[in-house]
Structures are given as C-alpha cells and as structure tokens.
Amino acid sequence: MQTSHSEKIHSILETAFMTPSSATDPALVQHQLRGNVLVVTIDHAPVNALNAAVRRGLIDAIEAADGNASVRAVLIVGAGRNFIAGADIREFGKPAVPPSLPDVCNRIEACSKPVVAAIHGAALGGGLEVALASHYRIAFEGAKLGLPEVQLGLLPGAGGTQRTPRLIGAQAALSLMLSGRHVGAQEALRTGLVDRVGHSDDVLTEGLAYAHELIATRAAPRRTRSAPGLADKEASTAAIAAARADTQKKARGLLSPLKIVDCVEAALNLPFDEGLQFERAQFLECRESPQRAGLVHAFFAEREAQKAPETRDARARALHAVGVIGGGTMGAGIAVALLDAGFIVTMIERDDASLARGRAHVEKVYDGLIAKGRLNDEAKARAMQRFSGDTSYDALADADLVIEAVFEDMAVKKAVFAELDRVCKQGAVLATNTSYLDIDELAASISRPQDVLGLHFFSPANIMKLLEIVVPARVAAEVVATGFELAKKLKKVAVRAGVCDGFIGNRMLAVYRAAADHLMEDGASPYQIDRAVRDFGFPMGPYQVIDLAGGDIGWAARKRRAASRDPNARYVRIGDELCERGWFGQKTGRGFYRYEDGARIGKPDSEVEAIIDAERARAGITLRTFDDAQIVRRYLAAMINEGANIVHEGIALRPLDVDATLMHGFGFPRHRGGPMHYADSVGLDRVLADIREFAQEDPLFWRASPLIERLVASGKNFASLNQAA
Ligand code: 3HC
Ligand code: NAI
C-alpha cells in the first residue's frame, strides 16, 4: 500500500497547478486543487516531521483554502510511508521558530471549509494533533496513531491534552497519553479517535472520496474543541483521580506523566482556550527539562548505534536457519528470541539428557508466557515446530548462522568452533555469546576467522533489548552487517563493540561495582547503596542485581582472574565471604538480602552486616559515613570514567554507544540519557574534579581517563564526539 500511495502523491506533486506553500522551503508542503478539494501534501522525508517550514506550509495551505471560493474542502495527506510522525525532535533545545504547532492546529481547526485528515502509517504526537485539529479523520489499515510524547519527557503540546479527552473521553485519552502506545486504525475507530477506516491501498483516492462525500452532504467543519467527550463530569473526574493515583505510584520522578493528568483536569474544568494556555505552560516546562533532553538523546542514541560503518559498506548475508550450541540459561533464551522472530532453530547439546534439559528450558519460557496469559498453546506449538535438537554437529550443515553459548571456558569453546569449522557450510556466520573471552583468539583457532563474530546477548536473552555486536580484528564486514541485520529481526538494540575483557557493558559493570564495593567496605551498607542507586533511577541497586543473577557468577569470574589481578589494587572480599557460605542470592534464599519463603524482594540481613563489619575490621578500615548523593557521585564517576576509556580505546565507536549499552542492558535510567550524556549534563569538568578528589584516597583505582582530560582541557563534551562514526 505504502509504495503505491507514495508514488501517487509524488506523481501529483510533479503535475502542474502546484503551489509551493512556503517561500523558504517550497518542497515540504504542497497544495493542489483537485476539483473542489484542496489536497495538502506534507513531503518532508523521512517521516514528515513538523519542522518550522512544514508548520508554515500548513498555515499557508489553510489560508489558501479559506481565501479561494472554489475550495469546498481540504484533504491533508502525508507523502511517503507516514502521515506525520510528530514535532521535529531535532528542533528541541534550539531557539523556537514561529509559527508554533499549537497555532498551526488552531488555524486548521478554524478553517471555514471542512478539513479531512487521511492517515496512513504514523500519526504520532504532533502528527495526531494535526489530525485532531482537522474536522474529519479517516485512518487506513496499518496506520499507527498515538501520543508518545511521554516517552520523550513531554506531553502533547499542540492541543492534544485538550482535544483528545473531548473527542474520546478522559479515561481513553489518559490511557493513550500516559502509555504513549500506538493504536491501529480499527481501535482508533472503536474509541472514536477517527471517523472511518480506509481499506484500499490508495489513500489519496479514498481520502478524496470522503471529502467529496462531505461536500455532497453539506457537512460543516466539526471542531474537536466542541466535542462532548467530557460531558459526563462525574466519570471524567473519577478517571482523572484514578490516573493521578496510579501515576503517582509509577512515575518514579518523571515530570511529564503527572502534568498530563493535570492537563486533562484542566480540559475538564477550564474553557478550551484557557486549557490550551495551561497545556502550553506545562509543555514548555517539560521541553526545557533535563529529562526531555535525556529522553531525546536516548531516542537518537539507539538509532545512531545501529549505524556501524560495516552496515554502510557491506550487505548482510541471508539468514533462515540458525544453530544454537548449549541449552543452558543463555542458549535457551537465545533460542526463544530466534523462534519469536520466525527463525528455524537447531539446538546442539552435549548429550541426550542435556538436550532434554535445553528443550525443557525453552518450553519453560513459553509456558511462563502462557501462565501470564501472554501466549496461547497454539502459538507455542507453532514456535516449537521450528525448533529441533541434536547431539551431533552434523545437524548444523545447513545453518546460515550458529550462536555458541556453552560454558565460559576457552578450551571448551575452541573445541566447539573446531566442530563448526568441520561441519558448517561456507559462508555460515559463526558467533559466540562469550561474556569475557578473547574472540580474536577463538577466531584464530579455526580456518575461517573472517566468519567469526561476537553476539553478546543479555539475560534473559528473549527479553533484554541489548545485543553487543563484538567485532574481532579479522571478521568480514558483511558478517558484522549480518549481526546488525539479525538484531533488527530480533527487535534488539545493537551496539558495536571491540574485543576486550567484558566488551562495553560488562567491562564498565566490573568497575562501577568495584566502586560500590569500596563504598560498602568504607562504611555504606549495601542497602543504602542500593537505595541511593534506585533513587537515581535504576530499577535495582547493584547488590539486588547480584542476588538476582546469582553471586556465584561473579565469584567464578573473580577466581578466574585472581592470578592476573594487580596485587596492589584494592580488593573487597565481602562478596566472596557470602559465596563461601553458599549465599548466592535469590536462588539459595540468601545473598546480600534474605529471601524468606521464596520471596523475590529481599530483606536486609543483620548477619550480612556482621560479615561486612568483620571484613572492615580485617582490612583496617576507618569507617566513614556517606550520604546518598556522595554514593551516587562515586558510582557514576566510576561508570563514566570507564565509559570514557572504552571510547578512548575505540572499543565503543562513540559515547552514544556506551549510553545505549547502559540503558538497554544495565537499567541506566533512560530519562538521564545514559552515563555519557549524564556526564555532559552535570559538566565534564565537575566529573573530572570528582575523580581527582577520589584519586587522593586511591590513585590506582581512580585514574582519570585521558579522554576526559583532553575534552575538559579543550572545553568540549562527550556530545561533540557523537557525530563521528
Ligand atoms: N523528528 C525528527 N526526526 C524523526 C522523528 C521526529 N519526530 N521521528 C523519526 N525521526 C527520524 C529518526 O531519527 C530516523 O532518522 P535517521 O534515518 O537519520 O536515523 C528516521 O526519522 C526514521 O526513523 P526510524 O528509524 O525510527 O523509522 P521507523 O520506520 O522504524 O519508525 C516512527 C518511524 C514510528 C515514526 C518512529 O521514528 C517514531 O516513533 N518517531 C517518534 C515519534 C514521536 O515520538 N513523536 C512525537 C514527537 S514530540 C511531539 O510531537 C510534540 C508535540 O506534542 C508538540
Ligand atoms: P549454562 O551453564 O547455563 O549453560 C551452558 C550449557 O552449555 C549447558 O547446558 C551445557 O550442557 C552446554 N555445553 C557445555 N559444553 C558443551 C558442548 N561442548 N557442546 C554443547 N553444549 C555444551 O551457561 P550460561 O549462563 O547459559 O552461559 C553460556 C555462555 O553465555 C557463557 O559463555 C557465558 O559467559 C555467556 N553469557 C552468560 C550470561 C548470563 O547471564 N548467564 C549473559 C551473557 C553471556
């Protein structure tokens, strides 16, 4: 549908009688008289975002409609694949250029001729607000309508908070605006957001037919500001109160959700124009907030991260059949992620018993979803039809990609790769899910290092969004491009990483966890540290995460590294002490917290505090107190400093890749934009001053990254590095 619509619109734009709507940027909005309907086409690739020229063009088009007696109706359409994706996010943070979007919407609504919005693809944020200001709406199958501003730290600021509840009622409007979710054409029709659903693939013809129908029935402009959706005051008041109570519980320090509720309350209690003014004031406050800046940075960071140089220079190989080696925690999760994306999956395990366990792990994931009502038995059966298992590597002869997830042991992995080298067809991509091991060494152990790639998933692999694409020295560009293509199919956020111990995410984790351990040994309790980190916006503190993942995993890694550890480096033994007692966290009922009767939320444990005290005494520590802000400063400074080292060494391409990694794999609060964006927002010079201050106590651990020193010396920030790929 989209191509044909887009071709048609472009062919119209090439015909005569075209009027450029704006002297400054004539191509972005065109209007053309088709009989007695003025067709207004927004043509601002890639998503018809409402930048200043588009806003101006829309006003000019409506002025033209009002000023031309032969125009009996106006039809607004989008060129390309979307109606309008919203305000131009790239304009936020820059000086505002008139006309404002609220003015544009008001002008559309005031038009004296009926205005129809014909919606295909995305009508989001300001895009939906343009449609709501129009008098009639038709949405086509495949359309995505929504007010996702909340995900950018904003609220609908062009009348959306005032018009939506008037059109579809307070409850439905609040649900749309607080979730930011997209609804399809049918749901939009059911809730009253649109008047009809278009079924053809010809948006223009069907939109014109609707406009002609309105002309024929002498339909008048129908202004949403006068719609009766808030007529039942009691029901609206109750919906607002319920939304406020729920939002207060869930908003976790976010500014815009409660303001959305306030705006809907204003819609209920104030005349329309006063409600608009109220909305505007709230919108501007959000737009200027650091939360908006963080969330918009997150939006662009996760898109930019997908643009690795190899994806520009090479074409991905075709992927259909995938092999997974190992059916443990990761192998099973990876298999589910692949099955969910429609791949044919063959799992290889060591023996029949392990294979049966691997299959059971996969089924358990689906059964969990069925128990939660998110999946039915048929869907599980359909997915499992594409799953098979084997104990012989020969079953991988036709695989286009194999992902290895066996024990974290170089000898075991080399043996697996030798088998893959033997059985896999030429051109198959051979990937490892190793967390820490040297992939260059692994690649060099077989005859086709150009096909070896790191695909580092995060647990649970079917849920976590992050996929580190680890690029060894000898890999072919098209293999890297295939990794990015796979991530797209799995709907994951891919981040390119170089080979080093821990790649981007785990390498940083090791450092900021060490900073937390130092704080703990110096006097802060793990419970205070967790609370401070949660209050900053992480969903969990570091010790809760250890208890969830299992303390034994880190313990094993520490033991593996013991021989190579710098004997002068500070080493906190508290975690080892707990593990030696078999306290691995939730799975053993005890870790840093106690989990009574299978509880998932732990309680502080006085015995753990006694162990910490004993370790402090053993290490001869002079106890200190830290307030929560001091804890966060150290925790973040360690994270930022290691992130800078990672960029400095070229392990991450840009600071934004570090941000995307921490946000999607490690729970870094999105509204703070990732550690590197956060560092810019507090000031890199302040971060450097902190590191230098902490270095006075422990100069080995706190060594300022050369990148931070260079940036501060030249008055630059991390953002200045985000342009270069
Ligand atoms: N402004 C500027 N650029 C935008 C944009 C926007 N609103 N929406 C998307 N883009 C850009 C992307 O950055 C990307 O640029 P790139 O090619 O240089 O990387 C390009 O458009 C394509 O975007 P996607 O890769 O995301 O393409 P998809 O086809 O996967 O998705 C989409 C399209 C569903 C429209 C998705 O881009 C999206 O969700 N966009 C954001 C929508 C949104 O949040 N709108 C509300 C804006 S705030 C607002 O309107 C305020 C108002 O109330 C006053
Ligand atoms: P696990 O111990 O749960 O599973 C490993 C599986 O591999 C077992 O089922 C075992 O039977 C199988 N296996 C071992 N040798 C094999 C062989 N030669 N052939 C076939 N199968 C074999 O381990 P887990 O946690 O799934 O980790 C696997 C890999 O993923 C490791 O490299 C680990 O570092 C990495 N990883 C782990 C994460 C986690 O959170 N657990 C996160 C990201 C990566």
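A: In this predicted model, three strands, E6, E8 and E9, form an open sheet in the order E6-E8-E9, and the pairing is mixed. Here helices (H or I, at least four residues) and strands (E, at least two) are DSSP runs numbered from the N terminus, and two strands pair if DSSP finds at least two bridges between them. E6 and strand E9 (182-183) are the edge strands, each pairing on one side only. E6 is joined to strand E8 (residues 144-146) by 3 bridges, and the two run parallel; Ala123 has Leu145 in E8 as its bridge partner.

Residues are numbered from 1 along each chain as its sequence is written, while chains are lettered from A and ligands numbered from 1 in the order in which they are written. Local features need pLDDT of at least 70 and side-chain atom pairs count only at pLDDT 80 or more, whereas totals for chains, interfaces and linings use all residues, and side-chain values use heavy atoms, with hydrogens and water left out.

A residue is near a molecule if one of its heavy atoms lies within 4 Å of it, and of the 28 residues around ligand 1, Gly126, Glu129, Glu149, Arg303 and Lys307 come nearest. Several polar contacts (pairs of N or O atoms within 3.5 Å) can be followed here: a backbone N or O atom of Ala87 lies 2.8 Å from a nitrogen atom of the ligand, and a polar backbone atom of Ile89 is 2.9 Å from a nitrogen atom of ligand 1. An N or O atom in the side chain of Glu129, in turn, lies 2.8 Å from an oxygen atom of ligand 1. On its own, ligand 1 has 1000 Å² of accessible area (Shrake-Rupley method, 1.4 Å probe), of which the protein covers 78%. Strand E6 (122-124), helix H4 (126-133) and helix H12 (290-304) are the elements that give two or more residues to this shell, and H12 gives the most, with 3 residues. By class, the shell around ligand 1 holds 16 nonpolar, 4 polar and 8 charged residues, where Asp, Glu, Lys and Arg count as charged, Ala, Val, Leu, Ile, Met, Phe, Trp, Tyr, Cys and Pro as nonpolar, and the others, Gly among them, as polar.

For comparison, there is also a sheet of 8 strands, open and with mixed pairing, in the order E13-E12-E11-E14-E15-E16-E17-E18. Strand E13 (387-390) and strand E18 (493-498) each have a single partner strand, so one side of each is left without a neighbour in the sheet.

Helix H14 (329-340), helix H17 (410-423) and strand E16 (452-457) each supply at least two residues of the shell around ligand 2, with H17 contributing the largest share, 3 residues. Around ligand 2, an oxygen atom lies 2.5 Å from a polar side-chain atom of Glu408, and a polar side-chain atom of Ser435 lies 2.7 Å from an oxygen atom of the ligand. Taken alone, ligand 2 exposes 830 Å², and the protein buries 79% of that.

Note on methods. Polar contact = N/O pair within 3.5 Å; in protein donor to acceptor, adjacent residues only side chain to side chain.
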